[in-house]
Amino acid sequence: MWCVSTPPSWHNRPAATMTPSAWCWNIEYMAATGREPPTSRFGERIMRHDDPKENQALLRETDSQRLFQLESMYASAPVGLCFIDLAFRYVTVNDAMAAILGIPPALMAGHEVGEFIPSFRPLVSEALAHAARRQVLPDREFSLDDRVYFIRIQPARDACGEVSGLSLAMIDLTTMKQMERALRESQEHYRNMVELNPQIPWTSDPDGRLTDVSSRFQRITGLPQQDVLGDRWVEAIHSEDRRRALESWENSLKTGLPLDMEVRFCHVERGWNWMRLRAAARYSPEGQIMRWYGTAEDIHERKLLELKLVKANRRLEIQAHTDALTRLPNRREFKKVLGHEFMRARRARAPLSLIMIDIDYFKAFNDHYGHPSGDACLRLVARTLRRALKRSTDVVTRFGGEEFAAILPDTDPGGAQVVARQLMEAVRALGIRHQGSEFGSVTISLGTATYCPAGSEDEIEQADILNAADEALYLAKNHGRNQVTMMAVTPRLSPR
Ligand SMILES: Nc1nc2c(ncn2[C@@H]2O[C@H](COP(=O)(O)OP(=O)(O)OP(=O)(O)O)[C@@H](O)[C@H]2O)c(=O)[nH]1
């Protein structure tokens, strides 16, 4: 039944490495099995070729004993095995094969393979044709009912090398296939979830080098994966955001804290696209960062709206304390600044001066030149007053109508007089024609008041400074306009 032939490698094995008994035993083994003796630890008992005693004992086993051993191995193999003769008949069938085919082995012996499984016949016929050409039929998968099997058919040859039949082995792959399918479905499911998710997943190594990113990133940036992996993703970030992005990322890498940043990446259509990058570290049981798992989210539309809102808020904030016509701080801001400077002056015991300014005969200007010209005049005077103040701490505000107020911190009465005259000269120097004025051009009247803190017994209030400056302005108007008048600050003057 078995083909007795020794592989060339065994003929060529140097005799010095083996005892004669081991050599004989090996030949015996091959004669019985058609295979080289095993060389693994599993086969240690029979591969100790140079242990004459043991080999002698093995050789003393009779052919029938060995046949019995082989038959029991064959019968209880977990793989379906059968031998088929040249007339396509089952010669022997093991239990596993009988279980696969669902027919008791005794009923199968002598029957033609096609009787039980018609699709076996063409397979056997093909295997025999291959064997005749000294070829082996390639292993294949074979479906039977609703199960899938791995099938291997090998020719058996007699002592003359002629094909005497076929040995057929079958392994049930159904469970493995089901597991494979389940795994594939689960991967597919995961991929679909990822594809539908607005977040684009990515991973990086512990040093922050990108190791993987979803193909959807390419759809947004237009960059193929190899152009963003490693450190190359940095080049895809807008140059204005790059430094900030690297600082955030380096901080996360150093501290292990999650990453959360918004940066502009290049975009295939609109040039740049706002994206939110988030990542968290995965740690080993030893507490080392093994990998970073991250997402990139397209937040372009939201970010644009957000930026618009920030701009609008900033504009509103500016509008809230700026006069729309002259762009000077408005009266509300004047009160805020005066309050702040008053407290500071009191704390520092430093003088604080206030100049109230009013354009002369402005009603006549409006009446003669029209309201738009009056507006233009107000704008010009405002700009001139602002430019005429030299110290960065000095502030000129529009108090209302054609009235302005300048707050001069750390300025004594003398200093306030000097500044007031400079303002008066600067406006006069503009030479804006004013036919309704006795001076022929636009002029201003100014009243100054200075608060000089006197210590804890100081009874001066913030309103007292304003009242004094206002009183001074009133005097300047009464004394003929186009001049500066000073008034001392006293407590509780009559309210304005
Ligand atoms: N064009 C323009 N005129 C304004 C604005 N605010 C106030 N005025 C005008 O300024 C004028 C102020 O007139 P008055 O308070 O009588 O003062 P005046 O004519 O300057 O007289 P004196 O202050 O006594 O020299 C009024 O006609 C207001 O309508 C403004 O924003 N634009």
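Tutor: Contact means heavy atoms within 4.5 Å. This is a predicted model: local features need pLDDT of at least 70, side-chain atom pairs count only at pLDDT 80 or more, and totals for chains, interfaces and linings use all residues. Residues are numbered from 1 along each chain as its sequence is written, and side-chain values use heavy atoms, without hydrogens and water.

Student: Which residues does His300 touch, not counting residues up to four places away in sequence?

Tutor: Start with the location. His300 lies in helix α13 (residues 300–320); helices (H or I, at least four residues) and strands (E, at least two) are DSSP runs, numbered from the N terminus. Leaving out residues up to four places away in sequence, His300 touches Arg270, Trp272, Asn273 and Trp274.

Student: Why does His300 count as buried?

Tutor: Buried means under 20% relative accessible area, exposed over 50%, partly exposed in between (1.4 Å probe, protein chains only). His300 counts as buried because its relative accessibility is 8%.

Student: How many residues does helix α16 have?

Tutor: Helix α16 covers residues 371–388. Its first and last C-alpha atoms are 25 Å apart, close to the 26 Å expected at 1.5 Å a residue; the expected span is 1.5 Å times one less than the number of residues. The count for α16 is 18.

Student: Within what arc do the buried residues of α16 fall?

Tutor: Those residues are Gly374, Cys377, Leu378, Val381, Ala382, Thr384, Leu385 and Ala388. They line one face of α16, because the directions from the helix axis to their C-beta atoms fall within an arc of 165°.
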